[in-house]
Amino acid sequence: MSQEIDYEALPPNAGLAVNMLAGALAGISEHAVMFPVDSIKTRMQVFATSPVAVYSGVGNAFTRISSTEGMRALWRGVSSVVLGAGPAHAVHFGTLEAVKELAGGNEAGNQWVATSLAGASATIASDALMNPFDVVKQRMQVHKSEFRSVMTCARVVYRNEGLAAFYVSYPTTLAISIPFNAIQYTVYEQLKRFMNPSGEYSPTTHITSGAVAGAVAAAVTTPLDVAKTILQTRGTSGDADIRGVRGMADAFKVIWQRDGLKGFGRGLTPRVLTIMPSTALCWLSYEFFKAAIRTI
């Protein structure tokens, strides 16, 4: 009879290598599973010039894309996410646990500040690595994308728009990700402690806490995510105003002019539907892999 893993008896900081490997595996799991919904979110956030690419909701988008372009269209760009998510999440979780430990987040009485600082620090590091992959992913997701290969897309974007195209959205990405991860990580840690004060092994706690934390963070940061999508897909647009967007302020101006206040909520439902199970899966995978790797 195999010995049961004393899951919560593991040290709070299980080591940098363990945290990074667990984070990489969790990140790939999270993004790959929910990718089709993420593709729908991107389509809904882009200001399309063709009425064919205007969708009334998640169900409508799924039906129309799958019937006119095939189910494979919903998975276009997933290879870019897989290539980037592993290293980026390894950096994210490695930084997260290291900063949390250094800031005293594993000690009583200092969790709120430490967990928020850890979440923000992890975001700055991981987004710098992930941003180019995210640009390629969204260029491949848009309606009538000419790209079918990650390398071809990256090469064409670089040739036509230069290296800056891969980082034009980085300030906006940080403006989303720092509050997103600070909110997500803080809500997750507090809810996990509330639901499981004994610290016993409880996958249900990780799933529930991760889902709630992700949903709250996703909803709050949706307006910034709409601006980010415009910045990352501007090179594919035939609209001169959108192609001329140079930063977050320009993106907000276009959103307001085109769609008013409701424009800042474009893609809210698929964003929450994507991130809620993604964060639940991510935290469950991370905590599981962290425990499993420690036993090897």
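**Helix packing in a predicted model**

Let me start with helix H8 and helix H10 (residues 248–259), whose axes come within 9 Å and cross at roughly 105°; the axes are lines fitted to C-alpha atoms, for helices over the stretch in contact, and the angles run from 0 to 180 degrees between N-to-C directions. That makes H8 roughly perpendicular to H10, a label for angles of 65 to 115 degrees, whereas those under 35 count as roughly parallel, those over 145 as roughly antiparallel and the rest as oblique. The helices themselves are DSSP runs (H or I, at least four residues), numbered from the N terminus.

Residues are numbered from 1 along each chain as its sequence is written, and side-chain values use heavy atoms, with hydrogens and water left out.

Which residues make the contact of H8 with H10? From H8 come Pro-223, Leu-224, Val-226, Ala-227, Ile-230 and Leu-231, and from H10 come Met-248, Ala-251, Phe-252 and Ile-255, where contact means heavy atoms within 4.5 Å. These residues divide into 10 nonpolar, no polar and no charged, if we count Ala, Val, Leu, Ile, Met, Phe, Trp, Tyr, Cys and Pro as nonpolar, Asp, Glu, Lys and Arg as charged, and the others, Gly among them, as polar.

H8 also packs with H5, at an angle of about 80° and with the axes 9 Å apart, and the two are therefore roughly perpendicular to each other. Here Asn-131, Asp-134, Val-135, Gln-138 and Arg-139 of H5 meet Lys-228, Thr-229, Gln-232 and Thr-233 of H8, and this contact divides into 1 nonpolar, 5 polar and 3 charged residues.

Turning to the other partner of H5, we find that helix H5 (residues 111–141) and helix H6 (residues 150–161) pack at an angle of about 100°, with their axes 10 Å apart. In this contact, Val-136, Arg-139 and Met-140 in H5 meet Val-150, Cys-153, Ala-154, Val-157 and Glu-161 in H6, which gives 6 nonpolar, no polar and 2 charged residues.

Finally, what joins the side chains of Lys-41 and Asp-225? They meet in a salt bridge at 2.9 Å, N to O, a term for a side-chain nitrogen of Lys or Arg within 4 Å of a carboxyl oxygen of Asp or Glu. Lys-41 lies in helix H2 (residues 35–45) and Asp-225 in helix H8 (residues 203–233), so the pair ties together parts that are 184 residues apart in sequence.

Methods
Predicted model: local features only at pLDDT ≥ 70, side-chain atom pairs only at ≥ 80, totals over all residues.
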